[in-house]
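The report below goes through a model from its charged pairs to its helices, its pocket and its confidence values. Please keep the sequence and the coordinates at hand while reading.

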Amino acid sequence: MDKIIQQLTDVNSNILLKLGKIDDSNPITEDFHVLVLELQSLIEQREACLKTLVSNSEFIDQPFLMDQFNLSQTLIMRSTKVMEDCRALVQVDNNAKRQIKAYKTIESNR
């Protein structure tokens with residue numbers, strides 16, 4: 001059980017590190033996209049660790065689980081910002097494509 005707790009602690013640290021790097025990077029860059037993919041992988045690892053802990057009936061450290069719950073809430077808030085940045089980038093890309101199509105249509109009608 002201590003191994004899972006240590007693994008979860010390491011994953012939590014890496015998630016916070018990645019979120020910090022994501023906050024400091026530009027959403028347009030390739031690095032941003034790589035960091036987001038790495039963040040998704042770490043979140044999946046965290047989920048697996050938490051499921052293992054919760055499914056073990058011998059693990060009853062309630063303060064630890066409350067800390068994990070609070071961290072989850074924090075991660076949700078910070079990840080939502082990343083998701084909004086990605087969504088805004090997609091929206092800008094879609095708007096640019098529409099403008100290009102409009103200009104092509106105008107050009108072809110001349």
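## The pair within helix H2

Glu47 is partly exposed, with a relative accessible area of 42%, where buried means under 20% relative accessible area, exposed over 50%, and partly exposed in between (1.4 Å probe, protein chains only). Its partner in a salt bridge is Lys51, at 3.4 Å from N to O; the term stands for a side-chain nitrogen of Lys or Arg within 4 Å of a carboxyl oxygen of Asp or Glu. Lys51 counts as exposed, at 54% relative accessibility. Both residues belong to helix H2 and are 4 residues apart, so about one helical turn separates them. An α-helix has 3.6 residues a turn, so residues three or four places apart point the same way.

This is a predicted model, in which local features need pLDDT of at least 70 and side-chain atom pairs count only at pLDDT 80 or more, while totals for chains, interfaces and linings use all residues. Residues are numbered from 1 along each chain as its sequence is written, and side-chain values use heavy atoms, with hydrogens and water left out.

A search of the whole structure finds 3 salt bridges. In one of them Glu38 pairs with Lys18, with 2.7 Å between the closest N and O atoms. Glu38 lies in helix H2 and Lys18 in helix H1, so this pair ties together parts that are 20 residues apart in sequence. Glu38 counts as partly exposed at 31% relative accessibility, whereas Lys18, at 16%, counts as buried.

Asp23 and Arg78 form another salt bridge, their closest N and O atoms being 3.0 Å apart. This pair links distant parts of the chain, with Asp23 in helix H1 and Arg78 in helix H3, 55 residues apart. Asp23 is partly exposed, with a relative accessible area of 36%, and Arg78 also counts as partly exposed, at 27% relative accessibility.

## Helix geometry and buried residues

Helices here are DSSP runs of H or I with at least four residues, numbered from the N terminus, and the expected span of a helix is 1.5 Å times one less than its number of residues. For the 23 residues of H1 that span should be 33 Å, which agrees with the 33 Å between its end C-alpha atoms. H2 has 26 residues and reaches 38 Å from its first C-alpha to its last, close to the expected 38 Å.

The buried residues of H1 are Ile4, Ile5, Leu8, Val11, Asn12, Ile15, Lys18, Leu19 and Ile22. In H2, the buried residues are Phe32, Leu35, Val36, Leu39, Leu42, Arg46, Cys49, Leu50 and Leu53.

## The largest pocket

The largest pocket has a volume of about 190 Å³. A pocket is found on a 1 Å grid over the protein atoms alone, as an open set of points where a 1.4 Å probe fits, with protein on both sides within 12 Å along at least five of seven lines; lining residues have an atom within 4 Å of a point. Grid points are joined across faces, edges and corners, and the volume is the space filled by probe spheres set on the points.

Its lining consists of Ile43, Arg46, Glu47, Leu50, Lys51, Ser72, Leu75, Ile76, Ser79 and Thr80. Helix H2 (30-55) and helix H3 (62-108) are the elements that give two or more residues to this lining. The lining residues divide into 4 nonpolar, 3 polar and 3 charged, where Ala, Val, Leu, Ile, Met, Phe, Trp, Tyr, Cys and Pro count as nonpolar, Asp, Glu, Lys and Arg as charged, and the others, Gly among them, as polar.

## Confidence and helix H3

The chain averages a pLDDT, the predictor's confidence in each residue from 0 to 100, of 87, and 98% of the residues score at least 70. Confidence is lowest in H3, at a mean of 83, and highest in helix H1 (residues 2-24), at 93.

Ala88 has its place in helix H3 and is partly exposed, with a relative accessible area of 40%. The C-alpha atoms of Ala88 and Pro27 are separated by 9.5 Å, although the two residues are 61 residues apart along the chain.
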